[in-house]
Amino acid sequence: MDKIDLKRLGRKRERLRTQGTINPFCCACGEHHWAVRYELNHILGHKHDDRVMRLCHSCHDKVSEMQREYPPIPSNVDPVVAKLIAITRGRIINAKLFLEKDEELEALLTGRLQIPQANGDGNDA
Amino acid sequence: MTLKVGEPLPLVIRAWSSEIPGNPVAKPVKVKRVQRKVPPLLPADIHLVFDTETTTDPAMRCRIGFYQLHYERELIDERLFYDPREAFSGDNKTIKAYAEARRIGEPVTLDDFRTLFLEVIRAGGQFVGLNLPFDLSRIATGSSPTKTRPWNKRMQGGHSLKFRDSSFVPRIQIKHINPRLALISCTVPSQGKARSARKRRDDLPAERGTFNDVRTMASAFLSGSYNLERLCETLKTKTRKRGVEDHGKPLTFDYLDYARHDVQATWDCFCALRARYQSYGMSAPMHTIRSEAGLGKAMLSDMGIKIVRETDPAKIARSLHSYFGGRTEVRIRRVPTRVVLTDFTSMYPTGCSLMGLWRFVISTNTIEREATDEIRQLLAETKAADWQSQDQWRRLTVLVRVKCAGDMFPVRSYYEGEQHASIGLNKLTDNERTHWFTLADCLSSKFQSGKTPEVVEGIAFEPGPPQPNLKPIHLLGRLTIDPYKDDAFRELIAMREREKLRLSNLAGTERTAVEEFRQFLKILGNSTSYGSFLQLNITDEEPKVRRAIHVHGQEPYETLVAKSEQPGPCFNPLLGTLITGAARLMLALAQLRAGEEELGWVFCDTDSLALAKPSNMPDTEFLARAGRVSEWFAPLNPYGLPDSILKLEDVNFAPLTKRHEPLYCYAIASKRYALFNRDDQGRPVIRKASAHGLGHMIEPYGDDDGAPHFPPPLEGLKTGTDRLARWQYDAWYAILSHELSDKADTERVRFDYHPALLQPCLSRFSATSPVMLRWMDNENDGLDYADQVKPFGLLYCLHAKARAPDFTGPDARSGAKAKDIHAVAPFHQDREFAIAQAFDRITGESVSKDQLLTYAEMLFNYPIRQEAKFENGGPFQRGPTEPRHVLASEVHYIGKEADRWQEDFLVGAGFDPTTQFGRNPNEDSGLFDAIREAARIHGQKPVADATGLARGSIRRICEGKSVRTGISLWVIRLGLRTLATRLVSEPAQFSGTIRATEVRGLSGPSLIKPPSEHRQSSEIR
């Protein structure tokens, strides 16, 4: 009979419990290891829209950094216009993030980048 | 003024309780961030199945156990665990040798097993066992009652077990619901959330654990009560339960094999039940199905149906006012009678189908309209023959408010000598109030008494438009039900009936598959058509809480309640009351038809009716007439089949030849009857007998040690749903033999045919609640948890003889009644030893053997159990019972009826299983002023004479003070009315002088208060 590491399964369960799913993955880079810290990013800004997407912490950090490049929206701007600005910024940031990954994927597919070998020690969600 | 002649009894009516509106609401917590609601994870595919074997002393400590750990459907670890402190000399060696010989993992200690147990909880695994509460309490290290907190209401009144002395480790809470179901859940320990989650205030679901009790699963998927042996037989598992006699002795390989096989058998049963559930095609996770009703709710949920819940408490109270359960009555008592037993096919689904209640289930709302004149006309003109038409039954979705004047209605009351309120179809007169009944009950009343009830108000209900986005379901891949096009009640039972026709051509696995499918359809049909609509979850409140009690037509009143009620997800009392009303109408029509064929009936039990042959009628004529009664119901078959819905049961036919065999019935009281044939010598051959009133007693002797001169029971009584323990069979055989002899009227039945019946009678129960465990406080005092009688540990309840009054002791002068003994004893395998340890759980004094009733003494009164609901139902009376004429004296309000009757019976009147709401004080508020006014007009002495109150009490009332009295308030009102009528020309007429002492009903002091002391209804608004 093969043994299982219950303690490890317990840690994994605890991580997955905070995510509310047994199959978390990053919508930007595709990371899907259970031990990675995932966060929910409000796509269009939490003040303007409730919709979220799950990102790994490093992609979320990049998104946060890109958001800081924009100046804050002045308070005297019409609320409808402010929302439109936030929506547009959110879409630009997401597009930039996905573009980065798409460029990497394009490079892999065209051979400009070597495809890394699978090491067999990875995700077992 | 002429007063109706009748027997004054209090009416007991269902009411609705709610939180008191206007209570201050806790200040909402200001949340800086938006709370993220995280969906819960499904249980992991890790299963820990285990079982323990215990010592045989009262503590029942865990000696050894076995566990299997399965991961992703593969067995990855199997070991024995043991408590080193319980080892006999040589046990350690035996354990090690056994593990080597059987090639299982090295044995671990009980403490190591606890570590594994906690790791499985953390990993989100599932636990499997049979009677998990018992096993969990064996491996725990301590217990306490669950804390009473607002967030813990569901588990209030349960046990909390701990496994480690650390607040970071979850405890297991167990709340016993009934013998087949316990709620089991882990607590959330301190630091249960990660710091980041706490900072964000994420609404994370707690890890509550998943506990699969195979006994609960069996009850839900197979219906009925199962032990491991019977479950293995039913599911035909590879591993079966073994017998063993070596408990409490040094360990042997045989004993360890037995324990190991128990775990394997439990796992096999779990897998079989899981496979069965998965074949149903339902999406609800299996661990959420805890009862048959759970299956019904899962089906509705898969269709996307949300049962519309009424929110107006007055309307809920109106529906509950009219609600009564199925009729269970005896008409010919203690006379062996030739019968034909008939049974309605799926009574509740049939009623739902005929009334078209599925339209209500899928509707977005229920529309009510005033229909008083229409109902009056219907009742005046209708005849029984009209109700042979299916279309007519669609008109039954009506509630009627009636002024009762000798009409036959279900009457719930405390009939003479009864501890609990029971329901009997009796004549009811109420001069002061009106009552709600279903239209079906009004029709039953008219057909049975010939008198049309006086309708004050009629409300007809119609379904609103159907809910959007409902989906069809596919059950077992064989039955598709579209909620918009199909009536689910009808489709389920119709499919079941069609499958029945196929059975005769099938054998082997095909036949088994069809039988399983039919059973599933039956459970689904029955559970969706009744139980869920009346589900109320009861929470014990300690201390009592104040609730508003709603009664239709009156202002709500406040009272302290010991139990609060929360409605289940499908709670719809209107549907529940319509369904049971229709069932009673079916029975009434069957009885009416029987009467037209000059047949009587012996008993009815919700959906079955035993038709009785008159003594001078030939048997062939009787069968022909019974057949006509059955055929009358053929047009009412809603399943597209030509058969009648009133069928002759299999018990009417010989087991082997399937030919009609004369069947007899001997009925003692509701649910206490036996059905038998007679052999060539006229001796009874029991075909079916109820264990009602016997099931709480532990068997005095085994099935293989029956009464020496009694014939053995038929095979059909040894297994299956009609199974009767040998000692119960012997008891019935003794009763029937006696009643068929010439000594029936001169002697009582003797229960001395077996020496074991001369021993003290024992009832076994387990300490399912902290209250019951506290009875063992004296035994447990000063002991470690391991040595204590633990939660869910077994206890014995013994039945003490009534104490004679003490004329010489210190209580003699006060005339205090001698207190009853409530004898209990801790469990011991040796019953004699246990009996010797018996003590009174109230006083702590020991109880000797000669103070205890034997089995023979307990059984002595069984054959003469009274049917107090009816006239001529006294212990020694025989023959036809007659409806009583009940004169409503006052009204008591209750919530959900007895859900713990067994505990109540076993432990005496310490528990009140019914949710009590007491009397409405507003009904009594006018009495104070009425007495004062009467005293002003007539003088204090005449008022005292008329009402039975003392003159001093009248004086106090005139001074504006409260008075406590033992006289029924109804008698006082009656007396006042008498005085008032003496001023007019028509004197009141009585059937005799009514003295307070002659009034039956609840005794107990009443409080007559000035109106200013009553709670004002405006406080409740």
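Q: Two strands pair if DSSP finds at least two bridges between them. What makes β1 and β2 of chain A a pair?
A: Strand β1 (residues 38–42) and strand β2 (residues 52–56) of chain A share five bridges, and the definition asks for at least two, so they count as paired. They run in the antiparallel sense. One bridge sets L40(A) against its partner R54(A) in β2(A). Strands here are DSSP runs of E with at least two residues, helices are runs of H or I with at least four, and both are numbered from the N terminus.

Q: What kind of model is this, and how are its parts named?
A: This is a predicted model, in which local features need pLDDT of at least 70, side-chain atom pairs count only at pLDDT 80 or more, and totals for chains, interfaces and linings use all residues. Residues are numbered from 1 along each chain as its sequence is written, chains are lettered from A and ligands numbered from 1 in the order in which they are written, and side-chain values use heavy atoms, leaving out hydrogens and water.

Q: How do you know which residues of chain B have pLDDT under 50?
A: You read the pLDDT, the predictor's confidence in each residue, from 0 to 100. It stays under 50 over residues 983–1005 of chain B and again over residues 1013–1021. Chain B as a whole averages 86, with 89% of the residues at 70 or above. For the model, the scores are ipTM 0.78 and pTM 0.85.

Q: Why is S532(B) called buried?
A: Its relative accessible area is 2%. Buried means under 20%, exposed means over 50%, and partly exposed is in between (1.4 Å probe, protein chains only), so 2% falls in the buried class. S532(B) sits in the loop between α16 and β24 of chain B. Among the residues it touches are A293(B), K297(B) and F571(B), where a contact means heavy atoms within 4.5 Å.

Q: Is K236(B) buried or exposed, and how do you know?
A: K236(B) has a relative accessible area of 56%, so it is exposed. It belongs to the loop between α6 and α7 of chain B.

Q: What makes S346(B) count as buried or exposed?
A: With 14% relative accessibility, S346(B) counts as buried. Its phi is also positive, near 40 degrees, and its place is in the loop between β15 and α10 of chain B.

Q: Why is the pair of F409(B) and F437(B) stacked?
A: Rings of Phe, Tyr and Trp (its six-membered ring) pair if their centres lie within 6.5 Å; planes under 30 degrees apart count as stacked, over 60 as edge-to-face and the rest as tilted. The centres of F409(B) and F437(B) are 3.9 Å apart and their planes meet at 5 degrees, so this pair is stacked. F409(B) lies in β18 and F437(B) in β20 of chain B, so the pair ties together parts that are 28 residues apart in sequence. Both residues are buried.

Q: What makes the pair of F710(B) and Y753(B) tilted?
A: Here the centres are 4.8 Å apart and the planes stand at 45 degrees, so the pair is tilted. F710(B) and Y753(B) lie in loops on either side of α19 of chain B, so they tie together parts that are 43 residues apart in sequence. F710(B) and Y753(B) are buried as well.

Key: Lists of a residue's contacts leave out its neighbours within four places in sequence.
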